[in-house]
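Here is a short briefing to read alongside the model. Take a look at the fold first, and then we can walk through it topic by topic.

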Amino acid sequence: MAAVHPKELILAKGFGSAKRQREFLVARSAARLGIAEMGFLPLPVGKGPKGEPLWPPGVVASLAHDEGWAGCLIAKRGSGLVALGLDFEPLNREVSKGVYQTIYSPAEAQQLEALGDWALRAGFCAKEAIFKCLYPLFGAYLGFLDAQLVFLDHQTFVAKLSQPSGAPEIPAQVTGQLWRQEDRIFAALGL
Ligand SMILES: CC(C)(COP(=O)(O)OP(=O)(O)OC[C@H]1O[C@@H](n2cnc3c(N)ncnc32)[C@H](O)[C@@H]1OP(=O)(O)O)[C@@H](O)C(=O)NCCC(=O)NCCS
């Protein structure tokens, strides 16, 4: 892990729990390592008012972390990508039906259930990656039901998006990638 940056340490202190502070710092350190490897100055990664990471100039990226993992997807601004979204979720965590009712429309839930439990986890992961990709670019808050999955298999997802009111126009549809590593499912997309 790269050394903790003092500015990130100050941001981390804003979180109540030691676990959250640790996850925040580990993920930020991983991000700065990646940023340095791409030839940029390893500047601290700030935090915007809605939790969005504030990347150093020239960098487009997205972060995800949990107790055991921290990951960062990074690209150079100007490389054809203007936004990235990354998320991962454990495949083995029990999730209640009630939670899925808040994430999926009845039709979506039925289609994903037919594919198996992994697909319900993957769809959730895909939706969070979509949010992380779109929010910094458009400032649009999309709820889970504003992104409707119209295709999902072990490698790919496609979601149709509702236009949020009072925000810049967002893409009508996005496509992303899914993959598994150990006991987690990962989702990523770029715009
Ligand atoms: C923000 C959210 C997506 C984070 O996902 P999570 O699974 O809880 O947590 P993860 O560890 O995967 O990701 C956390 C990281 O997401 C990033 N993040 C948080 N808010 C963000 C935002 N508004 N925009 C972009 N990235 C954001 C941060 O880097 C954060 O880590 P940090 O606080 O240490 O910097 C989730 O909490 C949320 O609010 N979801 C509701 C909206 C949604 O997902 N809609 C789906 C339809 S598009």
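Is strand β5 (residues 84-90) largely enclosed by the rest of the structure, or exposed? Six of its seven residues are buried, so β5 is largely enclosed; buried here stands for 20 or more other C-beta atoms within 10 Å of the residue's own, exposed for 12 or fewer, and partly exposed for values in between, with C-beta atoms placed from the backbone. Please keep in mind that this is a predicted model, where local features need pLDDT of at least 70, side-chain atom pairs count only at pLDDT 80 or more, and totals for chains, interfaces and linings use all residues. Residues are numbered from 1 along each chain as its sequence is written. Helices (H or I, at least four residues) and strands (E, at least two) are DSSP runs, numbered from the N terminus.

**The five-stranded sheet**

- Five strands form an open, antiparallel sheet in the order β5-β9-β8-β7-β6; two strands count as paired if DSSP finds at least two bridges between them.
- The edges are β5 and β6 (147-152), each of which pairs on one side only.
- On average, neighbouring strands of this sheet are turned by 25° against each other, direction ignored; axes are lines fitted to C-alpha atoms, for helices over the stretch in contact, and angles run from 0 to 180 degrees between N-to-C directions.
- Seven bridges link β5 and β9 (residues 184-190) in the antiparallel sense, and L86 has A188 in β9 as its bridge partner.
- β8 and β9 are joined by five antiparallel bridges, with W179 standing opposite F186 in β9.
- Strand β7 (residues 156-161) also runs antiparallel to β8, over five bridges; here F157 stands opposite G176, and V158 has T175 as its bridge partner in β8.
- Helix α5 lies across β5, β6, β7, β8 and β9, running at about 150° to β5.

**The turn between β8 and β9**

- β8 and β9 form a hairpin with two residues between them.
- E182 lies in the loop between β8 (173-181) and β9, and its phi is near 50°, a positive value in a residue other than glycine.
- E182 has 8 C-beta neighbours inside 10 Å, so this residue counts as exposed.

- Eleven residues of domain 1 are in contact with eleven residues of domain 2, where contact stands for C-beta atoms, placed from the backbone, within 7 Å.
- On the domain 1 side that touches domain 2, the elements giving two or more residues are β3 and β4 (70-76).
- That side of domain 1 divides into seven nonpolar, two polar and two charged residues; Ala, Val, Leu, Ile, Met, Phe, Trp, Tyr, Cys and Pro count as nonpolar, Asp, Glu, Lys and Arg as charged, and the others, Gly among them, as polar.

**Around the ligand**

- The ligand is surrounded by 23 residues, and the closest are G51, E52, L63, F131 and Y135; a residue counts as near a molecule if its C-beta atom, placed from the backbone, lies within 6 Å of it.
- Two or more residues of this shell come from each of α2 (18-37), β3 (59-65) and α5 (117-138).
- α5 gives the largest share, seven residues.
- By class, the shell holds twelve nonpolar, three polar and eight charged residues.
- Both domain 1 and domain 2 give residues to the shell around the ligand, so the ligand lies between them.

- Y135 lies in helix α5 and counts as partly exposed because it has 18 C-beta neighbours inside 10 Å.
- Leaving out residues up to four places away in sequence, Y135 touches K50, E52 and A140.
- Y135 and E52 are 83 residues apart in sequence, yet their C-alpha atoms are 7.8 Å apart in space.
- G58 is found in the loop between β2 (53-54) and β3; with 16 C-beta neighbours inside 10 Å, G58 counts as partly exposed.
- G58 touches F40, K76 and R77, again not counting residues up to four places away in sequence.

Technical notes: Domain bounds come from an automatic or database domain assignment. Two residues are in contact if their C-beta atoms, placed from the backbone, lie within 7 Å.
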